[in-house]
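Subject: A structure for you to look through

Hi there,

Here is the structure I promised to pass on to you. Please open it next to this email and follow along as you read.

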Amino acid sequence: MFSEDQDQNAGVAIALAVALIVAGSAAWYTVRGGSAPKPMAANVASAVAAAPQNGQLALGQVQLTQAAGVLTLTGIVPDEKTHQRLLKPARVLWGEDKVVDHITVSADAAPLWWLARPVDILARLRQLADFDLKLGDGVIALNGTAGSEPLKQAILSGLPDWFVKDASVKANLTVNAQAGVAALAPSNALLEETIEFATGSAQIPGTAQARLVVVADLLKDDGRNILITGHTDNTGDATANKTLSLARANSVVVFLVAHGVTASNLHAQGAGQDQPIADNGSEEGRAHNRRIEFSVQ
């Protein structure tokens with residue numbers, strides 16, 4: 001997004017037009033605005049995936065390593081479906097060019113099915129500056145660096161509830177305030193996207209559409225209610241920014257529905273400029289604040 005201080009009147013008009021289009025199309029999809037996300041337990045326990053047919057949870061034999069912003073997946077899984085359950089969320093969260101896939105598929109590999117969905121676990125781990133997670137032989141082994149003590153404690157408390165209950169946890173996280181993200185993201189947060197909307201516009205630019213297709217491919221298999229929240233910086237009129245942020249979130253909903261996501265699972269709200277995550281006093285900070293967030297309801 002660009003600065004929100006230009007063409008505010010035009011922006012409000014466009015935003016209202018998008019909102020009317022969305023409302024008029026309610027016969028085939030549902031968009032709900034203005035509701036706050038429902039809180040989830042910090043250990044993502046409420047994101048428990050459906051149990052496998054044999055009823056058995058299993059760690060599998062895999063290793064996930066993040067270093068210098070790149071995630072490497074290594075190990076062996078029993079089928080391609082399991083492979084994709086790991087690979088899809090990894091590529092959404094890190095980006096396709098930041099994921100190295102060294103996982104192999106073999107029918108005699110150890111089964112893998114965790115208490116929480118891989119996307120939820122990876123979204124939590126992604127907050128670490130770096131990490132090395134090894135799963136197998138009844139052991140969860142995690143080493144890494146957190147940007148703050150609260151983040152460290154949140155990750156450590158989550159580990160026993162993310163994978164399997166009877167595993168042994170061996171974790172060593174150090175704290176470095178200069179490394180990575182210090183703030184603790186909400187426990188229901190999945191990802192955030194920076195979409196370079198034109199000033200005052202709610203139309204999704206072509207440069208962002210390929211990325212949203214990848215997001216849609218993940219969400220259409222997720223099955224949960226997803227809240228999509230639009231945010232702006234604090235430049236310009238607060239009321240106009242609120243309207244524009246909702247229109248942009250609605251545009252993302254419409255796009256995802258068009259690419260196969262169940263309409264009733266998607267809900268939009270506009271936060272305007274009221275929830276900054278960075279200092280609006282700099283252009284870099286304003287750019288961080290202009291975003292679209294995805295969270296589980």
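Predicted model: local features only at pLDDT ≥ 70, side-chain atom pairs only at ≥ 80, totals over all residues.

**The six-stranded sheet**

Let's begin with the sheet of 6 strands, which is open and has the order S3-S2-S1-S4-S5-S6, with mixed pairing. Strand S3 (99-105) and strand S6 (168-175) are at its edges; each has a single partner strand, so one side of each has no neighbour in the sheet. From one strand to the next, the twist averages 5°.

Two strands to look at here are S1 (residues 61-67) and S4 (residues 130-136), which run antiparallel and are joined by 5 bridges.

**Two loop residues with positive phi**

Most residues other than glycine have a negative phi. Ala68 has a positive one, near 55°, and sits in the loop between S1 and S2. Is Ala68 buried or exposed? Its relative accessibility is 76%, so Ala68 counts as exposed, the cut-off being over 50%.

Asp137 is another non-glycine residue with a positive phi, near 55°. You will find Asp137 in the loop between S4 and strand S5 (139-146). Asp137 also counts as exposed, because its relative accessibility is 71%.

**The four-stranded sheet**

Next comes an open sheet of 4 strands in the order S7-S10-S8-S9, where the pairing is mixed. Its edge strands are S7 (189-193) and S9 (266-272), each pairing on one side only. On average, neighbouring strands in this sheet are turned by 20° against each other, ignoring direction.

Within it, strand S8 (residues 226-231) and strand S10 (residues 292-296) run antiparallel, with 5 bridges joining them. Ile226 has Val296 in S10 as its bridge partner. Helix H3 (residues 118-125) packs on this sheet, touching S7 and S10, and its direction makes about 65° with that of S7. Helix H6 (residues 238-258) lies across S8, S9 and S10, and runs at about 155° to S9.

In the contact, Arg85, Leu86, Pro89, Ala90, Leu93 and Trp94 of H2 meet Pro118, Val119, Leu122 and Ala123 of H3. Sorted by class, that contact has 9 nonpolar, no polar and 1 charged residues.

H2 has a contact with helix H5 (residues 206-219) too, where the axes come within 10 Å and cross at roughly 145°. This crossing is left-handed. On the H2 side are Lys88, Pro89, Arg91, Val92 and Leu93, which meet Arg211, Val214, Val215, Asp217 and Leu218 in H5. Here the classes come out as 6 nonpolar, no polar and 4 charged residues.

Enjoy exploring, and send me any questions that come up!

Best wishes

Methods
Residues numbered from 1 in each chain as written. Heavy atoms only, no water. Pairing = 2+ DSSP bridges. Axes fitted to C-alpha atoms, helices over the stretch in contact; angles between N-to-C directions. Buried < 20%, exposed > 50% of the residue type's maximum accessible area, 1.4 Å probe, protein only. Left-handed = near helix turned anticlockwise from the far one by under 90°. Contact = heavy atoms within 4.5 Å. Nonpolar A, V, L, I, M, F, W, Y, C, P; charged D, E, K, R; others polar.
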